[in-house]
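Try each task before reading its solution.

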Amino acid sequence: MTLFSPRDLGIGRLFELIRDAVIVADIASDRIVLWNPAAARLFGYSADEALGMPVTTIIPERYRDRHTTALEHYRATGHGDLIDAGVPLELPALRKDGSEITVELSLSPIDEPAAGGRFVLAVIRDVTERKRAEDERERRIREQVARAEAEAVQQRLAFVGEATTLLASSLDYETTLQRLADIVALRLADYCVVDIVEESGAVCRVASAHRDPALALLVKRLQDFPPAPDTPDPLHQVLQSGRPVLIAEVGEDFLQQIAVDDEHLALLRALHPTSYLAVPLHARGRTFGAVALVSTDPSRRFGPDDLALAEDLARRAALTVDNAHLYGQAQRALSTRDEFLSSAAHDLKNPLTSIKGLAQLLLRRAARLSPPERERFTEALSSIEAAATKMTQQVNELLDIARLDMGQPLALQRQPTDLVALARQAIAEQQQATERHQLRLEASESSLVGEWDAARLERVLANLLSNAVKYSPQGGEIVVRVRRDEDAAGAWAVLEVQDQGLGIPKADLPYIFERFRRGRNVQGRIAGTGIGLAGVRQIVTQHGGQISVRSQEGMGSTFSMRLPLSPREQAPALPSRNEGAARAP
Ligand code: ADP
């Protein structure tokens, strides 16, 4: 092999041949003192143009200050980031035609006192194409990552949506929490346990699940080892602080810390936990439970994203549980009230019957007295009898309502009943009690007879008429219209009660037939209980009829009742409270 030194080839010739641009710059003046043909090709300046040219000519304007600062630093200290780097650096450079290129640059200092100073040798290679390809690849990767992230967010939203529907579909909190545990074990972790603080303050495990059904029993057994007061159980920490706990890496030391005895430790080891996350269940400012998520997959460590998702899910589950709890409380309160209503009504009935009976007996005796005693006694005893009758009616109404609540239909005593006669009688009774109102009957027929429960229809009429009187405090005319109507369903008896009173506010109108509902314009102003119309609707619908109201606040009201003239299928019963409640919260 022939060996030769660069000197044999001629250093100048090497300098000409080399494909990389080679430039030497003078440190003191920062001007170019050497410029090879490759540099001329790369930058577009001939050697004649380049020699003596400031180095900044080939540096893009936005980098020039940085260059000057670095140069000054180098002049003062003999050090510079670029020169000391020892590896090629990628930088932008400026060509004569103004275009920017990316170059790979290696700098080496040349100390040549003989040549009169210090120089820097720059070897420069054009990497614009490579850089562009790299940038493009990076851009594509970034796009892929963004797309994957968007998909993950999408999946997360879909998951949360699905989980929310599942959670909200039960009103029983243990079912809800077991579903939460199942979802979490299947989709977010490998196993999951849920603890609740009971009213007594005791902590109770209400749900557990494992992705692998064969291991579900092992997870369940964990509840046999409640944490001792001095063990740092993370689930209890969450219950106490209301804040989540994330232990990304669960190691043997953690298991030993929380194990209450050897058996517990063996059980924990058998489950192979690798990562742990616990989040609180909050409702109305109180932490009432905690959910622990455990991964057993060494490649899956929980991080902030899992924490956020678990917290979101726990929030939704807590809301469902709280709703179920409130709903249960409301149910219990309602049934206590109904029981009370029903038993109070029963207890009232007997004494009322005695009062009425005795009043009638005394009335018969009073008839034998001589005036003016007779009139005085008769009047007083008639009032007692009327009051007892009214109270009996109200008690019956209460009993009917309580029956409806328990989902029992009324036992209607159907018999041929004339609605015109009933209306006439009811009007006469109401008129006796008022002088400020004029009650008037407009009947298109002399009689309208159907198979109806007369006593209950009397109650309906008494209710509608007494309301018309009560809610027309200024007095005025009350018209009762009775007519016959016919449609595809058959023949109807229609009765309307029209007053010119206070009317019903628009917001209350849709609910006015519900129990305990009262118009906001009468509350605190005119006494009432809000059960009359509920009873009216109950009786009418059980007869297969309909009741409705048209009203405008301040302009009076018209209640309109339709009863089938020929017996037909009874309209669907009103929902009992239990049915209605299933849709409630
Ligand atoms: P109560 O009269 O004991 O409050 P009801 O069930 O009979 O109970 O009536 C419910 C509510 O309907 C009343 O409180 C009142 O607001 C409204 N209402 C009933 N009848 C009329 C009427 N004729 N005019 C205006 N409001 C009425």
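**Exercise 1. Describe the second largest pocket: how much space lies in it, and what lines it?**

Solution. Start with volume: in this predicted model, the second largest pocket holds about 810 Å³ of space. Two or more lining residues come from each of strand 1 (21-26), helix 5 (61-77), helix 6 (81-85), strand 3 (89-94), strand 4 (100-112) and strand 5 (117-126). Helix 5 gives the largest share, with seven residues. Finally, sort the lining by class: 25 residues are nonpolar, three polar and four charged.

**Exercise 2. Work out how helix 16 and helix 17 cross, and which residues meet.**

Solution. Begin with the axes: those of helix 16 (residues 454-470) and helix 17 (residues 532-542) come within 10 Å and cross at roughly 140°. The crossing is left-handed. Now find the partners. Helix 16 brings Arg456, Leu457, Arg459, Val460, Asn463, Leu464 and Asn467 to meet Gly532, Leu533, Val536, Ile539 and Val540 of helix 17. Sorted by class, this contact has seven nonpolar, three polar and two charged residues.

**Exercise 3. Is Thr529 buried or exposed?**

Solution. First place the residue: Thr529 sits in the loop between strand 15 (490-498) and helix 17. Then check its accessibility. Thr529 counts as exposed because its relative accessibility is 54%, and the cut-off for exposed is over 50%. Last, list its neighbours: leaving out residues up to four places away in sequence, Thr529 touches Phe516 and Arg518.

Methods:
Residues numbered from 1 in each chain as written. Predicted model: local features only at pLDDT ≥ 70, side-chain atom pairs only at ≥ 80, totals over all residues. Heavy atoms only, no water. Axes fitted to C-alpha atoms, helices over the stretch in contact; angles between N-to-C directions. Helix = DSSP H or I, 4+ residues; strand = E, 2+ residues; numbered from the N terminus. Left-handed = near helix turned anticlockwise from the far one by under 90°. Contact = heavy atoms within 4.5 Å. Nonpolar A, V, L, I, M, F, W, Y, C, P; charged D, E, K, R; others polar. 1 Å grid on protein atoms, 1.4 Å probe; cavity = no way out; pocket = protein on both sides within 12 Å on 5 of 7 lines; lining within 4 Å. Points joined across faces, edges and corners; volume = space filled by probe spheres on them. Buried < 20%, exposed > 50% of the residue type's maximum accessible area, 1.4 Å probe, protein only.
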